[in-house]
Each structure stands twice: as structure tokens, then as C-alpha cells.
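Reader: I am new to reading protein models, and I would like to go through one with you. Could we take it step by step?

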Amino acid sequence: MARSKISPVTERASRRGAAAPRPAAREQQRGSDTQPIGSGLPMDAAGIRKDFERHLAITLGRDNLSVNNRYRYTALVMAIRDRLMERWKNTHAAYYQSNCRRGYYLSMEFLMGRALGNAMLNLDLEPAVRAALAELGLRLEDLLEEEADAGLGNGGLGRLAACFLDSCSTLQLPVFGYGLRYEYGMFRQRIVNGQQVEEPERWLTHGGPWELPRPEYTQRVKFGGRSEFYHDDRGRLRVRWIGTHDVLAVPYDMPIPGYRNGTVNTLRLWKAEALEDFDLADFNRGDYQAAIDEGAEAQHITRVLYPNDKSENGKELRLKQQYFLASASLQDIVRRWVSVHGADFRAFADKNVVQLNDTHPTVAVAELMRLLMDEHALGWDEAWSITTRVFAYTNHTLLPEALEKWPVEMFRRLLPRLLDIILEINARFLRLVANKWPADTERQRRMSIIEEGPGGGAVRMAYLAIVGSFSVNGVAELHTNLLKSGLFRDFYELWPQKFNNKTNGVTQRRWMAWCNPGMSRLIDEAIGPEWRTDLPRIRALAARAEDAAFRQAWMAVKRANKERLAEVVRRECGVVFPIDAMFDIQVKRIHEYKRQLLNALHVIHLYDRIKRGDTQGMVPRCVLFGGKAAPGYHMAKQIIRFCNYIAQVVNSDPDCHDWLRVAFIPDYRVSLMEKICPAADLSEQISTAGKEASGTGNMKFMMNGALTIGTLDGANIEIREEVGDQHFFLFGHTTEQIAAMRPTYEPRAVIDSDENLKRVMTLIVSGHFNQCEPGIFDDIIHSLTDWGDYWMVCADFPSYVEAQRRAAAAYQDRERWAISSIINVASCGKFSTDRTISEYNRDIWRLQPVPALPV
């Protein structure tokens, strides 16, 4: 990273960056973004084929001797991207012409999945594409499999962000996404000897054909250095950040099409690059490593999503990533404002709103203050008034350890100017708290943005977000209530008007229309296609649950989906899933609170029953696990290993052949979930009550006709309210019951009092599942016994077994099960992100829909 004495936001002149535009050139530079185009490329099969063949032969230079499906896929993407480009430019021309208020969504994750199918669906191009490819003797399915999942997220947080962008475009809201262009994503998961092995996720190996590089909007992000007071040319005392190590943020834009409405919004992803990535002088001296070191150091920032933060270097890199995203994005927002309005920021908060997706990007609060004060000469009060009317904060976790906290010393070393601003924000905030509650020093300590501790303490980023935002929302009713009564109680008592709930959702376009076309056709025939943009209309489907012919067709679609998934499991895991068995599925990020361990204990319970000949009331069952563990999360990795060792024992035992199969499917990702959720019979949503903020996997399974077995946690509560208790298998202690139990809870007493659990624990302790490797699961045993069973696995086991018995009994009555499956889908109307985004817009963003200019 290069050292710079002073690098104000307008300074982009470098040998790699573009020169800052002169004021007279602003409108000329902006013109390429604001002029509509209307070439109107044909949307029929003939037009698609012509452009496909042109891109294959001319753009990619392929002929019959040098072509394969990888190049065919790329040519098809280019043909579709051409059609997106017309609508993309016209969308942003409409935004500029209307001078509308704009929304910006900052997220460290955007788990986009594959884009080709989604683009075809939203442009209504799939029939034309299939026809064009068929004329050439090609199958669309073969080309779809060539696309890598965009490696920009890990779990529900990133997938929620992707669904939000889809809904914003469909609702024609002027919302711009900002994220990081991770070169290697999270990681590619392999299972070797039962254990997770992480490999680089090379999703950009063949380039990114959906991306549009925008180097002209490159920003410069600072690290290190120090703050310095100086007098400007008007004699005012000001502060500047000098002696910094600077990194370039180079933007790559991805199109986000709305559903058949002409709108295409933007996701802008930042790639970190050095000002100079190659030092010729070092190279000529023979120091070849030093010649490239600077470039490599800068590029580390966007190499990997969530680097392992067990080390000090890992922690520093994560903080750099978060600031890099916040700074580049806010500089870009300010650049866009200045290009139209100049240095007049009086209406900035009226025209811009920034939603912070969880705690990761919340350093943006201090960064906007820096930009307004240091780069644009606003005073503190004016800058703070703008900042606190621009930001809104979404919290996604009830786990205190998941809230970002960074050591003050690290902040001082990496972001000294930001620390200055945070300390001033905190001092002024604590004065407000003292005025509200005089002499309550304990409350001041609890609410301080700076947590006391060695080395100057730590910066509590969630508190910074709350203090600097005008809105704070949870993502399910229970979650929001627990925030107000627990985690953020002091802040709720100070600012009750800031807090609100926005229950999460998912987009029905990808998670029903695209991934489950057979079911979607049945729904269209039954009630019409309007549910694709107005999901509450799907309630009308409930009337068809009593139609025997419709139920038969419904279950035929489910069977076909199960056959497709069974083939994937056979190919990936070497395990054969009988189609008539119950498909019992738990796929999600591996974490103790999500309680994959509880599910594993139930598998052992079923195994134990089979070995004892106690199969009365059982149904043949295929249990599928999937999910990634964070590289530094030892217990989560042990749980993966445990599930795989159980699967090996069960699947190799002839006694289990007719009753039970178990598999752990590797490398869980969006494109895999698109095959999993349409095939599920039973959806495992079994987190410890009070720990899951919302969950969205529960919604995807429900939308595809799976029945839920779950606790009263997160959005499970609202799913159960919508679908009815008779179509939901409830178990487990409530949040209140768990809180009352904790002081005296003894897991060994629970184990001793329950014969089923005692037999399960005896099998585990005896080493039955790890006979050749004694002791490898001791940590799991200790977590359930000596270490107190914090996640209440033992406490909920008896209730879970009983709920599983009810599920098995219901599955034996296939007509009853079909009715419940249809009712689940008919009850999913609340859980569309269209509803969630409409509520964000109504209560927080206050944006006006802007129709795109016609093509």
C-alpha cells in the first residue's frame, strides 16, 4: 500500500486511478449514465440465437474446433446481458431525471447464487432461450450447470441481501447495493474422512461475464497514518488524515433485474488494488518478491470472505474489510451527490438513506462524519444532523459474541481519524445519557460505545450503529422484542421510537417460480400467476387441498423433485435415498445454536430403535445434513465430523437398510438449495429458543411444501401462526422457560431421567461411532454433560423425539400429508421479501417507485 501525505476524497489522480473530474465536466461524465437507449433488441428465439452465435464466434472467437459448454454458457450470458444493459441504462436514466430519493444497502455478504436462470425468469426469456438452443442441438440445463455460484456470502445474511435486491427491483425502488468482490468467496467445502476441508472457492476462474467494470469510479481508501490539525484558507481550524497507506477500491457492477417490469438496479462490488501493484525498481534490483508485495498486501482485503479471526492478523484484516466497504461506498455516494448538487449538502439526508445490514458495515457512521467534516468542511453539528438522518441499522443476531467489537488499540493503529470521531461521538452521547439519568454511572458504563478493558478497551460497533442511526430494526417479532427487552434494553428505554420490526422474507421468484417449476405450474393453473408479484394471493390455493386429483398431481411433482435430489445425493455422497422415504432435511450454517447436534442425537435414537427391533410407528427416513462451519470454529467442525461418522455406521448396517439412510452433502450453496428445498418433506428448524434472529431457510422449505418441525424461535413463530398448529410439529422449551431453567439446569439429571437419551449417550460414550479413533468426540460429550449443555440439547431431546413421532405418524397418512403440504404453501404469503421491502420502504426509507424508461 502506498504512503500518501494527504489524500482528500476528491483526489483520485494516480497512475492507476482516474483523475478527478473538473466541475464543468460533471454533467458530461454523468451523461453516459443518464442517457436512455432504445435499440430494442429482439426477445424472440431468432434474436437470441443470432446474438448467441455472434458472441460465440466474434466476441469469444470460437469455432467448431474450439468450442465447449463453458464458451456456450458465456455467449448466452452475453446475449442476455445485452438485453439487460438496455434496461439497466434506462433505469438509471429514469432515476437521474426524476431526481428521486435513493436508498443504499451496505452488506458484507450478497449470496447471489447463479444469475442466468434468474435473469431469464425476470426477463421472461426462458422459452425463447430454450427454443434457440434447441435449434442448435443444445440443452439449456447443460449450460446452466457451467455457472459458478457467486462466492459473495456464507448463509442467511447474504441470501437475504440478495432477495432484498430482487424485491427492490421488482417494486421499482431506486436502491443501490454495495458489497465486496471476494476473489475466493467463503470457501469450497470438501468432506475428507468425515471432516470439513476448506479450499479456495474459485468462482472467478473463468471471469465474471455478468460484471461491468467501472474503473472511472475508483475510490481511494486510507489506512494508518495520523490526524493533524491545520488552518484552511479561510482561517478555520480543521483536521486532516495524513501519512496514510492507501488502497484503491475498483468497482464492478452487477445487474439486478426486476420481474418483467423493465427495471434493472445495480449491485456494486469493490475490489481492492494497490496504487502500484508492481515495483519495477525492486524487480530490476533482483528483489522479485518485493516487486509484487505491495500489490498482494492490498489485494488481501478482498481475497476471502470472513478471514479466520483467531489471529491478530485475521482480526486486522476483517476490520480492514469492513472499513474498505464503508469508505468506498460512502465516497461513491458522496461523489454521486456532488456531481449533481455540488458542495451543498443541506438536502443530502432528504435524498439519501443508507441501510446497514448487520453490524459489519457500521463503521460507516464515523466515516460519513469524516467525509462531511474533513473533505467538505461541514461543522460537527451539521454533519451529525445529516448522519443521524441518513443511516438505518438492521440487527441480525441475539448472540452478544456475534456483535462486532474491535480493540481500541487496533482502531488507533489502522483508523486513527475514525477513532477520533468515535470518541467524540461517545463523549457527546454519554452526556445525553447522563442528562437523562443523572448519576447513573452504571448505565453510562453499559451504554458507552467504548467498552472498558485492557489496552484502552474495545469499540462496540452495534452501539455506534444505534447512536448514529434513526432506525433500528430486528428481523422477526420475537427477535425484535428480545432486542428491546434484553440486548439493547438501555437504548430502547432512551429511544423507543427508533426500534421497529421487519420480519424477513425470501423472493418467491427464485425460491418457487425458478427452483420448483412443476409446483409453480400447478399453482398457476389453480389460481393464476399473480402470486409471483403478489404472494398473499396464494392463500386461494388452500381451497384446492380438498381436491383429490390436485393432491395427486401435487405429490407427483414432489416425487419428481425427490428423484432429482436423490440423484445429487448419490453422486455427491455415494448414498442412495429411496424416493418413498421421508426426506428429513437440515441444511444451514453449522453452529451450536442451530443444533445440528440435536438432529444427530435423534438419528442415533432411530438407529438404536432399529437395532433393538423397535420399529413400530417408524417410517423409512432419509436424513440429509448440509452446511459450512467457519474455519476457526472447532465445535462446529466436530459436529460435521460427528454427523459423517454416524452416517457411515448407519449406512453400512444391513439392519438399517429399509429404515434409515443418512448423508452430509458437501459445499452447501444457493444452487444446491434450489434442488434441496423442492424435495424436502420435513424441514428441521430446531434452534435453541431465543437464539435464532429469524431464519429464512424455514421460509424456503415452507414455500415448497415441506412441513416444519421446530421450536418457538425466530420466524418459526410466525410461520406456525400462518399455517396453523396442525400443520407444524412444535417442540421444545420457550425462551422464558429456558431463562428460568438456566440457574439450576443439570444436563446429567436430564440424561438419567430419559431412557432414550441415556441409550443414545451410552452409544456415543462407548465410542460406537468412532471405534478406531477413541476420544475424538470427547468435546461433544463434554458439551452435553460437564460443560453445562448451554444450547439445551438434552433439555429439548424428549420433546423433540415426541414431535418426530408425530411427524412419522402424519407421514404414514399420505393424503393428510399432501393436505398439509398444500396448506403450507398456501400460507406462505407473508414471507415474501416484497412484503418485507414494502415495510422497510413505508417505515424507514420513504422512497418513491420510479418506473424505468421504456426500451
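Reader: To begin with, in a crossing of which hand does α23 pass α32?

Author: This is a predicted model. In it, α23 passes α32 in a right-handed crossing.

Reader: What angle do the axes of these two helices make, and how close do they come?

Author: The axes of helix α23, residues 596-611, and helix α32, residues 793-812, cross at roughly 55° and come within 10 Å. The two helices are therefore oblique to each other.

Reader: Which residues make that contact?

Author: From α23 they are L598, N599, L601, H602, H605 and R609, and from α32 they are V793, F797, Y800, V801, Q804 and R805. By class, six residues of this contact are nonpolar, four are polar and two are charged.

Reader: What about α12 and α15, at what angle do they cross?

Author: The axes of helix α12 (residues 364-375) and helix α15 (residues 416-436) cross at roughly 105° and come within 9 Å. That angle makes α12 roughly perpendicular to α15.

Reader: And which residues meet there?

Author: On the α12 side there are V365, A366, E367, M369, R370, M373 and D374, and on the α15 side R417, L418, I421, I422 and I425. This contact has eight nonpolar residues, four charged residues and no polar ones.

Reader: Let us change topic. How many residues are in the largest nonpolar core?

Author: The largest nonpolar core has 204 residues. Those with the most contacts inside this core are L76, I80, F324, F411, M512, I676 and W845. Helix α10, residues 312-341, supplies the largest share, 11 residues. Apart from this core lies another one of 70 residues, among them F625, Y633, I640 and I764.

Reader: You named F411; what does F411 touch?

Author: Not counting residues up to four places away in sequence, F411 touches L319, V363, W406, P416, L418, L419, I422, V459 and M461. Two of these residues, L418 and I422, also belong to the α15 side of the contact with α12.

Reader: Now strand β2, please. Is Y105 buried or exposed?

Author: Y105 lies in strand β2. Y105 is buried, because its relative accessible area is 1%, and the cut-off for buried is under 20%. Leaving aside neighbours within four places in sequence, Y105 is in contact with F110, A161, F164, V175, F176, G177, Y178, Q355, N357 and W845. W845 is also one of the residues with the most contacts inside the largest core.

Reader: Is R102 buried or exposed?

Author: R102 lies in strand β2 as well, at residues 102-106. With a relative accessible area of 10%, R102 is buried. Beyond four places in sequence, R102 touches Y95, Y96, P174, R336, K351, N352, V353 and L847.

Reader: And where is N501?

Author: N501 is in strand β17, and N501 is buried at 16% relative accessible area. N501 touches G474, V475, A476, E477 and T480, leaving out residues up to four places away in sequence. The C-alpha atoms of N501 and D843 are separated by 10.0 Å, although these residues are 342 residues apart along the chain.

Reader: T480 is in α18, I think; which residues of α18 are buried?

Author: In helix α18, residues 477-487, the buried residues are L478, H479, T480, L482 and L483. They pack against β16, α19, β17, α27 and α28.

Reader: What about P200, where is it found?

Author: P200 is in the loop between β5 and β6. At 41% relative accessibility, P200 counts as partly exposed.

Reader: One last point: what is the phi of R260?

Author: Phi of R260 is near 55°, a positive value in a residue other than glycine. R260 is in the loop between β9 and β10, and R260 is partly exposed, with a relative accessible area of 41%. For R846, in the segment after α34, phi is near 60°, also a positive value in a residue other than glycine.

Notes. Residues are numbered from 1 along each chain as its sequence is written. This is a predicted model: local features need pLDDT of at least 70, side-chain atom pairs count only at pLDDT 80 or more; totals for chains, interfaces and linings use all residues. Side-chain values use heavy atoms; hydrogens and water are left out. A nonpolar core is a set of buried Ala, Val, Leu, Ile, Met, Phe, Trp, Tyr and Cys residues joined through side-chain atoms within 4.5 Å. Buried means under 20% relative accessible area, exposed over 50%, partly exposed in between (1.4 Å probe, protein chains only). Helices (H or I, at least four residues) and strands (E, at least two) are DSSP runs, numbered from the N terminus. Contact means heavy atoms within 4.5 Å. Axes are lines fitted to C-alpha atoms, for helices over the stretch in contact, and angles run from 0 to 180 degrees between N-to-C directions. Angles under 35 degrees count as roughly parallel, over 145 as roughly antiparallel, 65 to 115 as roughly perpendicular and the rest as oblique. A crossing is left-handed if the near helix is turned anticlockwise from the far one by less than a right angle, and right-handed if clockwise. Ala, Val, Leu, Ile, Met, Phe, Trp, Tyr, Cys and Pro count as nonpolar, Asp, Glu, Lys and Arg as charged, and the others, Gly among them, as polar.
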